[in-house]
Each structure stands twice: as structure tokens, then as C-alpha cells.
Amino acid sequence: MIIKKLKNLNFLLIFLLILISFIGIAGLYSAADGSYEPWALNHLVRFYIFLFLAIIISIIDLKLIYKYSYLIFILSLLLLFSVEIIGVFGKGATRWIKILGLSIQPSEIVKITIILALAKFYHDIKYINVSKISYLFMPFLILFTPFIFVIIQPDLGTALSIIILGVFILFIAGIKLWKFIFGFLISIISIPIALQFIKPYQKSRIISFLNPDSDPLGQGYQLIQSKIALGSGGITGKGFLKGTQSYLEFLPEKQTDFIFTLIGEEFGYLGSLFIILLFILLISVCYFISIKCFHIFGKLIAIGAASNLFIYVFMNIAMVSGLMPVVGIPLPLISYGGSVMLSIMISLGLVLNVELNYNLKKLEYA
Amino acid sequence: MLFSDQKKQVNLFNRRTFFLYLLKISLFTLVGWRLYNIQIFNSSKYKTLSKQNQIDLEIIFPVRGKIFDRNKNLIARNQKVYDLYLIPEKTKSINNTLNSLSKFIDIDFSKRRKIIQLSSKVKKFQKIKIFENLSWKTLEIIESNKYNLQGIFISEDYLRVYPYKEIFSHLLGYISKPNQQELSLPFISKMPNLEIGKEGLEKTFNPILVGKAGQREIEVNSSGRVIREISKVESVKGEEIYLSIDLRVQEYVVNLLNSYRAGSVNVINIKTGEILCMASTPTYDPNKIIQKPNTLYWESLLSNNLSPLTNRSIQGLYAPGSTFKMIVAIAALKHGIINNSSTHTCSGKIEYGDRLYHCWKTNGHGKMHVVDAIKQSCDVFFYEISKQLGIDKIAEVAKDFGLSQTFEISLPNQKKGIIPNKKWKKNKMGESWYAGETLIAGIGQGFVLTNPLQLAVMTSIIASDGKYVKPTLVKNNNNVFKTNKKYLNEIQIIKKALFKVVNEKKGTAYNSRLEDIKFAGKTGTSQVKRITLSERESDDFRKKEQEWKNRDHALFVGYMPHDEPKYAISVIIEHGGSGASTAAPIAKQIFNFISKIEL
């Protein structure tokens, strides 16, 4: 049974995961001036563990996942809440919690459980009810509870991506377009109120995004140096391990949020484009699975996972190339850091699972 | 769920999925376009910025050219010195380091505070200079206690040294950091810290002496720390310069002059125009100006009434006194006012206009012809011939002999002096020339002002039978000068007279004659203070010990050897009394010295 399932796994998706992650390992090797320490080796080990985890998730009975979707969501919320509590009563604000020796950011996990919860919700309700206002209450609760937890952390980037993720899923689920426009208008109106909650350092990030040259050694510094790294790479790049910007420590956070610029410097426009194409391919595979799937639960999981991935990749590259303010979003599978990789692997494990069960007629246990 | 409903729902799903997919692809396209913009379209701009980020230029300062005298004696050199530096990041505590350092070398409180302040301003790995030019003793102590002195280290630099101190000060000048205006000088280029010549030959020859800067391209990281050297172009040393000056003569002369308060001596090789000696006293020690702190020394120089910074040889202006009589005599002979046998009778004074003009010899010289008049420096004879010549003719000849001229001797700020004529007075004072002023000018007094170098050049021209001798401070044996044939005959008569001044009884410099080497010359005594009638009438005004600053300047110009002249000299001792008593004996000693050494 298990062997049969494993044989039917989407090997293109797994191959893409491996390829992207190994690009990440090469980038981290270069970021450490040609050393496996301190990042590349860790990254590799994590990748193997999480890939194993993803495959486990892919062969779990989908009905089981469906059954406990809300429970999993609530558990993840409790985890997120506990981080808040520790933050308040402990040694100051934190976003991490240690589980099995691994620092986990519950907000990253919550994104996946949101997908599960929304998928289950829309799978369960009748089609005619989708457009009813009263049926919007649940999805809003599912989205805004974690959103509020995250924004008071404060983690602007994650909060923003939760909202966008929700919008994408609700859009696919069939919410009428005018409701999105209405919601959009409401959020525009509420921006002045939201601004009061934004911390000064976030304000300065936004200002430096609008005019990076205003403070070239302060907040704008990252962006300028990031663009110099990308631009000096040219078409084919300076060559592996030859990126001067990172080697000479001009690049800030080169192993996390700015790893894309390092790769862009060393491998040029072709390298940047290659990475984008790999992610497009990965996202396309998810879309393919979504279309192929018979049931709404699976469709929404696949779209949700693809959207989650898309939001990371797009926001990260837009950020380092100066299309967006620096909000602290890593590049999944490539940036150093366990939580994002874990969350992406879980979500893609779910997608693999959906594909194996694409033709299920009923998700409820008989 | 109804079948049609489900189908509708799936249709909606697929439509929206397709739409969302399209949205994502177009957003990725946007990012791709943005990256194209940065990585391809604007790539060259970012490549330059990246280079600027990583590469720093470090200038390697060239070593300044050495200066030698004509016999390859080093008179301006560069000494390796050792400076003490502190690197903040190399020590755990700057205070501790300074404490242990103060056991070996005195660090006063304000200096200590300055160092600590500075260390908080500069980057942690940057050097802070604490002491300059360490003595060998300190250097040894610090070297042997290195392990106790965290963050302290020693670095080499060059210090300009003038080993003969005050002997060459006015010639060489000194070097120092450039001021705001000098920063735009071409040879400074990228070296705002380069020390450049501020005075004298050091200044004039800056473009040659400075040399060429080298440079080192170094890769630096974001905090400016040097990672590695990319390229290195060595600096090119400044060129060496050989002066016409003879160290031995110069040293001998300065020591001679040092027995007087102020004076100047110039010796010229009349064949080549090379200046063997250009001395001016009082002088100063350029080393004390270069080495900091120099404030006290500067103040002492500036407050000295005798202005030691002035190079009297080219900047001191003196009435030439009787040394000017050669010019007047040549003019008179040239214009046929006298010939070598015409005579005038000196009765000690003549009356002209409503004034009396005295000869230095109160009782008069009696009947004089031109050679005798020069030999005994009879004033009346020259009053008579000046009267007939007129000032303009005298001035014309004076200019032919280099007076009121500057020379291309590579020294800045030469003073021209004054050779007056009618036009000059009109322009300068808006007054007509008085005939009586011609008489005064005829004995080298009044408006006439010359610098000592001009007098030496004048003498050189006479000694070389009218060659256009051009003085130079740079060694050059190949100078050949054309002869001015205008005054050939007149000069012969003058030279005869100049020989008699030194070598015949009654000659004004007879007491200074040398037996083995015959030289010729002319004494001069130039008045500083007008002698009043009452003073003149009191018979002993000449003998009276006068206040130094009121005493006459003593002058002597001459050449040697007499029969085949090689060297011309001018000697001026400020307030030295008379030329015969003070200046001529100095010239004698110098000629004697020159004849004894091998030049």
C-alpha cells in the first residue's frame, strides 16, 4: 500500500524541491565565503529531515487530515498564542518557540493550517451558500485570529502574507468580486488607523523604500547595496564564490532575506531568471494538481500551498529588487532558516497527498 | 449537492484558478522585468558602484629629491624616522596601553585626552599617530617592551634634514605642508599631505624634487578594512639637484660673517656664472622650522629685528656707495666727458647750486685723474663728472652692468633696487630731478639702491671684460657668455684702477692686499644717516664711536686673480663702518681661502 503510494508520488515536484534546495545550499556555501559552516550543512540536514516529513505527510490518509483540519488549526493557533504569552511574560518579544531542538516560528505553520481550515470549510458548505454573507463569518474568523496575533508581534510581512493568502483562497472558493473590492476599500480607509500601530522602525523602512538615497548608510543602505549586488552581476554574473558584495560584507543578511541578491551577483540575470522559472514550475505543478483534483478540499489545499509559495517568492524578490519595502520575507528553500522550509515542505507534502487522493468521492469516514 | 451545482462550482473554480495563475505569472513577469532593468539595463552603473565599494586607492608618497653642493656633498637629505602609532582595535584598553607607554615616554594629560577622543572617532583598525620622530633611545625601549604595549606599533617615515643647518638656509629654504592655495599646484596631485618647499630652492624646484606618487589599489570591505592588495605602482623618487655652491666656501664665509651682526657675501665664477657662495646673516636653522613644535622658534625669528628670514644677497637693498663709482667712471669715459688723463682738482668739497658737497677726505686729494680717483675713491672727482654726465647716462650704463635687474637664479622674491633717472623720479614722486641729486647718485648714495648679488654681477662683468655674466645657483660648467663690446676700452681703464685700489699705496684697500695672489676691487662706504654740518665740522666725527645702527654700511666688490680673473665677490657688512676697514679684509680672507682650496 505504502510502496504503491510512494510509486505514484509526483516526482517532478520532488525533483524541483531538491533542485531549489540545492541551489540554496550552494548560495549558503558562498555566503560563508566557500564554507559549509555555519549555514550550508545545516540547511542540507534540515532539507533531508523535512523532505522525509513531507513524504510521510503525503502518504497519511487524507480523510484523517480532513477530519482533524479544524483541530490542527486550533492547535497551531494555541502554539502561536503561547509564543505571545512567552513574549509578554518572558524575556521580551519573540517569534520563535523551541520544539525538538528546532526553533519554529508558529506564524509560518499557521499559514498552512489556515489553508486546511479554509479548505475544509468550503468543502463542507453547499455551493449556493458560498455567496451568502453569513457564510463569510467563519473564513474571517479563521483569517483574522492569526492575523491579529501576528501583527501585534509585530511581524508586518507575515501578517500581510496571511491576508493575501486568504484573499487568494477566498477568490478561488467563489466569493463574489464586489466583496473583494469592498474589503479593499475598507482596508484603504483603515490604513491611517493601522499606521498608529506601526513601530518607528517599520515606518523608517517604508520611508527608505520610497527614497533609498535619503539615508544611504541607514535604512536605505540595504536596498542600495542589494541593488548594487544584483546590478553588478550583469547577465552571467561574477562567478560562483566571486561575489564581491557579499564577500566584502556589503550585503546585509546575505544568508537569509538577501540570499537572492548574492545568487544574482554570482550568477547574473540568467541565474535570477532560472530561480524564478523553477518556482513558476513548482507553482504550476500545484495548479495542475488542483485542476486535476475532484474535491474542493484538495483543490483549495493545492491552490493554497501554491499561493503561499508564490507570496514568499514574489515578496522576497520584489523586496530585494526595490519593488517593495523591506518587510523581512525569506526566499523559501533557499534562505537559511528552518521554519519557512518546514512550512513549505508540510504544504507541499499535503499537495502530494492531494494528488494521490485526487479522485476520492467522499472525504468523510463511512 | 446537485450535479449541475457541482459542475457550476467546478467551472467557477477552474475559471478563477486560471485567472489567479495568470495574475501570478504576470507578477513574476513584473519581477523579471525589474531584474532585467537592474541586472542588464543598468548593469554598468551598478558595476561601477560595486568597484567603488570594494576598491580603495592608497597613495604611496615619493621620496623627495636630494640636494648636493657642486662637489656632491649632501646638503639636503631625507632621514628615516620612526613614528609611534596606536591601533585601537589591537588593544583591550587604550587607557592601560597609554599607562604602560607613559613609563617610557612622557604623555601629558591633554595629549592623552586627545588620543582617547580621537580613538573614539576613527575606525577601530585605523592608525592614530601618537609620537613623531622617536629618538633612538625611546625606540629601543619601546621595541624591547613591545609585549607590554598592546596596540602600539612603530612606522617609518621620512624627515627632511639639512645637515649644515643655518649654512644654506636662505638658499634651500625649507619644506612644510601645503596651504589651501598650494593644494591646487599640479605636482601635489593626489597628495594633500605631501610636504613641499616653501622657500628658496626647495620651493622653486618643487616640480623636480617632488617626484611621482605611486599608488596601491586595495580591496576593502564594507567597514573599510583592507582585504588584499590588487595592484601597486611604486612611487618615483624626486630628482637630485647639484648646486653651483661650494660647501667649503659657503661654510667658511658664513662663519666669517657670523662675527658681524648682519651682512652678505656673494662669490661668482665669472666664466660660468656659477654662484660659489651666497651667504646672508643672520640666518636660521631650517631643521628647527621643520620639526614640530616650532612655534617658539618661529616667534624668535619673527621678533628678531635683523630679520633672519631675509636673504640679504637678493632681498637686502643698500646704497652701493663708492662701488658705484666704476659705473660713473665708465659712463664718463664712454661719453667722452673725460679720458684717462683728464684731471679734476679735489679741495675736499665743491659748491653746487647753493650747497656744499664734501669729499670723504676733508683736506682734499688734490689733482686727480680717473684711475687715481677710483684708487683713492675721491668723491669730488665724481661730483664733477656726474654733474657733466647727467643722471640718465649714468643710469643707462648701470643697467648694462646688471644693476636694478633680477637674475634667473631660481630664487623667488628678488628685489630689484633702484637705479634712478629723471623719468623714474617723475613717475615715482611726481617731482623733477634736481641736478644736485646727480652728484649724490654719482657716489652711489641718494636714491641708488642695489642688492649684493647685483654688485657681484656688476663686478663679474667688469672682471670678464664685458661678458654678459648670468649668475646661476645650479651647477653648470658649460655656460658661455657673449661679450658686450660697448665698453671694452673703458673697462680696461677701470680694471687698472681696481688693481691699484688693492695693490698700490694710497689705494683704499691697500691694507688688505695679498702678496701671492693679486686681486683687485673697490671699497664702498654707504651712509645710513645724513651727516649734519655741525657733525662734519667737529673734526673727530669719523673717529667717534657711533651707535651701531647709525654706522655706515661697509662694502667691497672685487675679483681675483687680477691678471686672469676667475672669481668676483661682493661683501656687505651692515653698519660695518668703512669698506676699507671692514669689508675689504673679509674679501681678502675669502680670496685667500678660495686660492688655497682646489675648486
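Residues are numbered from 1 along each chain as its sequence is written, while chains are lettered from A and ligands numbered from 1 in the order in which they are written. Since the model is predicted, local features need pLDDT of at least 70 and side-chain atom pairs count only at pLDDT 80 or more, while totals for chains, interfaces and linings use all residues.

**The two chains**

Select chain A. It holds 17 helices and two strands. Helices (H or I, at least four residues) and strands (E, at least two) are DSSP runs, numbered from the N terminus. Chain A has 366 residues, and 49% of them count as buried. A residue is buried if 20 or more other C-beta atoms lie within 10 Å of its own, exposed if 12 or fewer, and partly exposed in between, with C-beta atoms placed from the backbone.

Now select chain B. Its secondary structure comes to 22 helices and 19 strands. Of its 599 residues, 41% are buried.

Two residues are in contact if their C-beta atoms, placed from the backbone, lie within 7 Å. In chain A, 71% of the contacts with a separation of 6 or more are between residues 24 or more positions apart. For chain B, 73% of contacts between residues at least 6 apart in sequence join residues at least 24 apart.

**Where the chains touch**

**A helix pair in chain A**

Select residues 106-124 and 296-320 of chain A, which are helices α6 and α16. They pack at an angle of about 150°, with their axes 8 Å apart. Axes are lines fitted to C-alpha atoms, for helices over the stretch in contact, and angles run from 0 to 180 degrees between N-to-C directions. The two helices are therefore roughly antiparallel to each other; angles under 35 degrees count as roughly parallel, over 145 as roughly antiparallel, 65 to 115 as roughly perpendicular and the rest as oblique.

Turn to the residues between them. Those of α6(A) include Ile115(A), Leu118(A) and Tyr122(A), and those of α16(A) include Phe297(A), Leu300(A) and Gly304(A). The residues of this contact divide into ten nonpolar, three polar and two charged.

**Val130 of chain A**

Next, select Val130(A), in helix α7 (residues 127-130) of chain A. Val130(A) is partly exposed, with 18 C-beta neighbours inside 10 Å. Leaving aside neighbours within four places in sequence, its contacts include Tyr122(A), Ala173(A) and Gly174(A). Leu170(A) is 40 residues from Val130(A) in sequence and 9.6 Å away in space, C-alpha to C-alpha.

**Backbone details**

Two peptide bonds can be picked out here. A cis bond joins Glu37(A) and Pro38(A), with omega about 0°; Pro38(A) is in the loop between α2 (11-31) and α3 (40-59) of chain A. Another cis bond joins Met560(B) and Pro561(B), with omega about -15°. Pro561(B) lies in the loop between β18 (553-560) and β19 (567-573) of chain B.

Stay in chain B and select Ser307(B), which has a positive phi of about 35° although it is not a glycine. Its loop runs between α11 (295-303) and α12 (312-315). Ser307(B) is partly exposed, with 14 other C-beta atoms within 10 Å. Asn413(B), also not a glycine, has a positive phi of about 60°. It sits between α16 (391-400) and α17 (422-429) of chain B, in the loop. Asn413(B) counts as exposed, with 12 C-beta neighbours inside 10 Å.

**A sheet in chain B**

Finally, find the open sheet of three strands in the order β1-β8-β9 of chain B, paired antiparallel. Two strands pair if DSSP finds at least two bridges between them. At the edges are β1 (55-60) and β9 (226-233), each with a single partner strand, so one side of each has no neighbour in the sheet. Neighbouring strands are turned by 25° against each other on average, direction ignored. Select β8 (residues 214-220), which pairs with β9(B) over six bridges. Within that pair, Glu217(B) has Ser231(B) in β9(B) as its bridge partner.

How values were computed. Nonpolar A, V, L, I, M, F, W, Y, C, P; charged D, E, K, R; others polar.
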